[in-house]
Structure formats: C-alpha cells, structure tokens
Amino acid sequence: MPEHYDRIIRNGAVYDGSGAPPIEADLGIRGDTIATVGAVPHDAEAGEVIDATGHAVSPGFIDVHSHDDTLVFTEPEMFGKSMQGITTVINGNCGSGVVPRAFRRTITGDEGIPDWDDYAGYFAAVEANPPAVNVATLVGFGALRAAVIGDRADPRPATDDERAQMRTWMRESLEAGCVGLSTGLIYEPDRYASMDEVAAVAEELRPFEAIYASHVRGEGETLLEAHAEAIEIGRRANVPVQISHHKASGPKVWGLVNDSLAQIERARADGFDVTADQYPYTAGSTRLFAMRQNGWFEPDEGEMEVLLAAVAERPEWEGRTVADLAGEFDLPIDQAVNKILDEAGHGVFAIIFSMSEDDVRTVLAHPTTMIGTDGIGAGSRPHPRLWGTYPRVLGRYVRDEGLLPLETAIHKMTGMPAAKFNLPGRGTIEEGAVADLVVFDPATVIDVATYEDPKRPPAGMPWVLVNGEPVVRAGQHTRAIPGRPVRFGQR
Ligand code: ZN
Ligand code: CU
C-alpha cells in the first residue's frame, strides 16, 4: 500500500526555523500536521503535490506585532498579511485591546463584528468566524485602564480598588489563553499610569510566565529611560520583556539604538529575557492625535514628512501630506494639524518619516530583534508594512544587501517568536508540528507595496499554508479561512 498524504511539498530547501542552514527535504502533510520531513516515497499518494524546486520552505511567519483584533472579522481573508506569508498574528499590541468590550478601541470599526464579553468570548468568536490566519493575543493595558478610570483623558492614578479590578481581568484573560500584557505608554490612558501601577498588573503574568510587551514611554530623547522602565517592570514581575518596534525616533536621536541595544544586552547578561520587534521601514505610523499630544509638531522637532494614511471622515485627504494640506489651508503646520483633528476626529492615522536607514539596519541585524509588522488595517493608504514587511526583509535586506543570512532572518520570523510568545508546535518544521508553511523563491522574493500604492502583494511567494490548507496557491489568495485561535502554551 502506498503511503497517503493530504499534501506533499517536494524538493524544497527546508529551513526549520531554528536558525540552522537548510536541508533538502520533502514534507508530507496530513490534516493540520507535518507528518514526514525527509524523503517522501515517489509512489506516495497525495491530494495535492507542491513542487518547491528552487524554493525555500519555511515555517509560516508569526507577526508578533499586530493590530488585527477586529480586522480578522471585517476582512477574514486578511489579504495583506496572508499574501506576505504570515500565518499567525499576535494582536492586542501597544496597550490597545478589545476587552472589556465596552471600552475596546477598534481600528476598523465595530460594524458587523461578533459580540464578546471577555477573552474566552473573543477566542470563541474567532473559532466561530475564522479568518485566514491563526490568532493569538496580548491583553491591552489601555482597555483595562479605560474601563476602570472611565475617562481616558483623566490623568489621575488608579486607586487600589481599580488596580485590583485590572488584576482580576488580567488573571481571567491569561486563564482564557492570552499570551501576555501590552502597554502603550505614550497613549491615553496608559500614559497616566505610573511604573508602579503597570508593574502591579504585570505581576499577574508571573504564574503563567507570560510576557510583558511595551510600546515604551518615549522613543526620542527619553528612549533609554523608557527602555529601563520596561526592563524594570519585567524584573519586578519576573517575566520576559518584549520592546515593541525598537527604534530611535526623530533626527535628533538617530544613532541612539546603539545604546539601547547595549542596554538590552546588559539586561540579558544579568539574566533577564529581553528582546524586541521591528518593522523594516524608516517611517512609523500611529494616530495623529497621539502625535500632536507627544509634541511631534513642535517647531524644534525638525522637518519630518507626515502622510495621512486613514481619515475616516475625510477620505479625500488620505495620501496627502500634512505640509501639503497646511499650504492649502494657508496655516502653519501645527494649526493645520489642529484643523485636521477638529474636522476628522480622533480616528486619523498618519505615517511619519522619523527613522534613519542606518538605525533600521542596526536593529534588524541584532540577535535580540524579531520581526513584526505593526500594520494598521484602516484607510486607503496604510503604511506599506501591512503588505510588505516579511518579503522586504527577505528580499531587500537578506538577498540584495546581505545584511543577515537567510536562515537567521527566517528564525526572527518563526522559531524566535514562537519560543518567546510560547506557541508550541508553531514556528518550526519538524514531524508533529502544525503545518503552517511558506514556500518562496529567495532569488525573486520582494515587497511591492509602497507608500504611494500600499495594498500590493509581494512577488516571489507562491504558497502559504495555514493549518495544512493553502491560503495562497500559486501566488493567488484562495479565500480559504483555516485560521483558529491560538491560546498560550497550547498547540
Ligand atoms: Zn506602538
Ligand atoms: Cu503597535
């Protein structure tokens, strides 16, 4: 009797996600599982045979920095993520969360998304309405804090009772399967919480050994103090720390990543598990309101180009620069920003060219950095990282610039995040692992999405499998939705 598989991937160069160089091997897949790694007999039967000759075969990419909490319901195909090889997203970053429900802050709007009260309910909703990717999530501190404080703009500290309530929600969320706690300490209401308040909530992570992830309190002149705070919170709670989108923001501080990387190395030498994530671009993207609040438009900040990505109430402004609109309004930049926010509300997302290419390269090449998109799926002109992050690392930085070896880059996208966020069975190619897989051509893979035309799929990435099922087949999205919730520590 010939062996039978649902799918066979033949003749690829298999990267197992550990950082080891590739081996020539076939993969035999049954159901959602990699059943065989090695030589699959020629007479084996399969529902589908994928010829990976000349291609790399990698574990599916784990996007550790996602904001797809509601996008998974409003766009279940997850085109931008799926087409670039992402098979698992980790939501709830930067303090934004969708529990408690009344205080969740969604990026894509509330319309037509299912109901839930807590994270057990959120995971059940994902199970009942599956997207094309697997979904893990952090708990957003901002949502918990907004729920207890009531008014996001109220700068007071949380009372003892309010801390206790946040801790209860935190514990329940971890029991439901969340992978950790995130903060966004430049945003309301997180920014009004002291280190002590955050550390108290983070203590709930300890019995689970779940991680603390932080958009730190400053990415400019206060970067090192802000990192020190994140590391200290991890030390007090005795849990691993993840620095979100590691960068030095603003021309005045370019080069400071050398110091912040040294700081991370020192903490690691002292026994603390500190790592970071990064998207490989010199522009960031966030809410315009938060940029104004953080002083981005003060005259002494220097000229940084700002592009409007999403303006729900004035879509005709999407893709315009703030300088261009300021000219049209005949106003100085800071007053033009006020006018944009007055007319278009708080749901305005902007792109800001705030980083140096040297810094991006330095952080990317460092062994403590893993990859995440920080993509924001709103508006017509999102930051191209939503569609291009992973192929950009593989094509531009690995192949064209030789900044890091391919097996190292793949490790930063797969095995490294799976270990850090405790997702067993993912981020690896071995017998018994989940069949989340990407087949790409190292000679041609490249991001195609640009700031001008950001919703373009990459080249050179013909196959993406999620739980054994092709989501991308021969370069086309199949509209399959085989994703599922991924709970902390569970396969
Ligand atoms: Zn952030
Ligand atoms: Cu983020």
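At what angle do the axes of helix H10 (residues 322–329) and helix H11 (residues 333–344) cross? They cross at roughly 90° and come within 9 Å, the axes being lines fitted to C-alpha atoms, for helices over the stretch in contact, with angles from 0 to 180 degrees between N-to-C directions. H10 and H11 are therefore roughly perpendicular to each other, a label for angles of 65 to 115 degrees (under 35 is roughly parallel, over 145 roughly antiparallel, the rest oblique). Helices here are DSSP runs (H or I, at least four residues), as are strands (E, at least two), numbered from the N terminus.

Before we go on, a word on the model: it is predicted, with local features needing pLDDT of at least 70 and side-chain atom pairs counting only at pLDDT 80 or more, while totals for chains, interfaces and linings use all residues. Residues are numbered from 1 along each chain as its sequence is written, chains are lettered from A and ligands numbered from 1 in the order in which they are written, and side-chain values use heavy atoms, leaving out hydrogens and water.

Back at the helix pair, H10 contributes Val322, Ala323, Leu325, Ala326 and Phe329 to the contact, and H11 brings Ile333, Ala336, Val337, Lys339 and Ile340; contact means heavy atoms within 4.5 Å. These residues divide into nine nonpolar, no polar and one charged.

Glu343 also sits in helix H11. Setting aside residues up to four places away in sequence, Glu343 touches Glu313, Arg314 and Trp317. Glu343 and Val257 are 86 residues apart in sequence, with 37 Å between their C-alpha atoms.

Val64 lies in the loop between strand E6 (61–63) and helix H1 (71–74). Leaving out residues up to four places away in sequence, its contacts include Ile90, Asn93, Asp277, Tyr390 and Phe421.

| Residue | Relative accessibility and class |
|---|---|
| Val64 | 0%, buried |
| Cys178 | 1%, buried |
| Cys94 | 9%, buried |
| Glu343 | 29%, partly exposed |

What about disulfides? The whole structure holds zero of them, a disulfide being a pair of cysteine sulfur atoms within 2.5 Å. Cys178 is in no disulfide, and the nearest cysteine sulfur, that of Cys94, is 16 Å away.

Finally, the overall layout: an automatic or database assignment divides the chain into domain 1 (4–59 + 431–477), domain 2 (61–282 + 355–420) and domain 3 (284–353). The centres of domain 1 and domain 3, taken over C-alpha atoms, are 41 Å apart.

Definitions and conventions. Buried means under 20% relative accessible area, exposed over 50%, partly exposed in between (1.4 Å probe, protein chains only). Ala, Val, Leu, Ile, Met, Phe, Trp, Tyr, Cys and Pro count as nonpolar, Asp, Glu, Lys and Arg as charged, and the others, Gly among them, as polar.
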